[in-house]
Amino acid sequence: MKDYRIVNLELTRPAVQDIPERVTRELRQARGHQIRVLKFIHGYGSTGRGGKLRPAVRQALVRAQAAGQIACYIPGERLSIFDADTQRALRACAALSHDPDLERHNNGVTLVVL
């Protein structure tokens with residue numbers, strides 16, 4: 001069983017209006033495969049001011065958390081061993097301790113604890 005999965009949205013570049021459905025599908029598949037932590041790579045935007053995928057992904061995750069579909073989500077800029085949600089993710093998935101974005105404050109990723 002793999003505890004950790006990466007979903008690279010930068011590669012497929014889905015339309016913003018398709019993000020809620022895509023996030024829901026990825027969460028459903030992850031639960032079906034008993035994955036504990038998902039990492040969405042959505043990028044920050046080529047201008048450096050922020051793109052459209054990141055807020056769309058995070059809005060979908062806010063709704064998923066409110067509906068009880070996920071335990072929590074962690075914006076990449078908060079991905080630190082000093083963050084309570086990151087500690088929760090590390091307990092759920094030890095492999096996360098080797099993630100290259102840990103302690104990098106990367107705005108272009110978001111982690112989800114299922």
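In which helix is the place of Leu53? Leu53 lies in helix α3, where helices (H or I, at least four residues) and strands (E, at least two) are DSSP runs numbered from the N terminus. This is a predicted model, in which local features need pLDDT of at least 70 and side-chain atom pairs count only at pLDDT 80 or more, while totals for chains, interfaces and linings use all residues. Residues are numbered from 1 along each chain as its sequence is written, and side-chain values use heavy atoms, with hydrogens and water left out.

**Confidence**

- The protein has a mean pLDDT of 92, with 95% of its residues at 70 or more, pLDDT being the predictor's confidence in each residue, from 0 to 100.
- Among the elements of the protein, the lowest mean pLDDT, 89, belongs to helix α1 (residues 9-12), and the highest, 98, to strand β3 (residues 72-75).

**Packing of α2 and α3**

- Helix α2 (residues 19-32) packs against helix α3 (residues 53-66) at an angle of about 55°, and their axes are 9 Å apart; axes here are lines fitted to C-alpha atoms, for helices over the stretch in contact, and angles run from 0 to 180 degrees between N-to-C directions.
- That angle makes α2 oblique to α3, because angles under 35 degrees count as roughly parallel, over 145 as roughly antiparallel, 65 to 115 as roughly perpendicular and the rest as oblique.
- From α2, the residues Ile19, Pro20, Val23 and Leu27 make the contact, and from α3 the residues Leu53, Ala56, Val57, Ala60, Leu61, Arg63 and Ala64, contact meaning heavy atoms within 4.5 Å.
- Sorted by class, this contact of α2 with α3 holds ten nonpolar, no polar and one charged residues, where Ala, Val, Leu, Ile, Met, Phe, Trp, Tyr, Cys and Pro count as nonpolar, Asp, Glu, Lys and Arg as charged, and the others, Gly among them, as polar.

**Buried residues**

- Leu53 counts as buried at 14% relative accessibility, given that buried means under 20% relative accessible area, exposed over 50%, and partly exposed in between (1.4 Å probe, protein chains only).
- Not counting residues up to four places away in sequence, Leu53 touches Leu9, Pro14, Val16, Ile19 and His42, whereas its C-alpha atom is separated by 16 Å from that of Ile74, 21 residues apart along the chain.
- Glu26, placed in helix α2, counts as buried at 4% relative accessibility, and, leaving aside neighbours within four places in sequence, Glu26 is in contact with Arg5, Val7, Leu38 and Phe40.
- Val109, placed in strand β4, counts as buried at 3% relative accessibility, and its contacts, leaving aside neighbours within four places in sequence, include Phe40, His42, Arg58 and Asp101.

**Loop residues**

- Gln34 sits in the loop between α2 and β2 (37-41) and has a positive phi of about 60° although it is not a glycine; Gln34 is exposed, with a relative accessible area of 52%.
- His105, in the loop between α4 (84-92) and β4 (109-113), also is not a glycine and has a positive phi, of about 55°, and at 47% relative accessibility His105 counts as partly exposed.
- Ala95 has its place in the loop between α4 and β4 and counts as partly exposed at 44% relative accessibility, while the C-alpha atoms of Ala95 and Tyr4, 91 residues apart along the chain, are separated by 7.2 Å.
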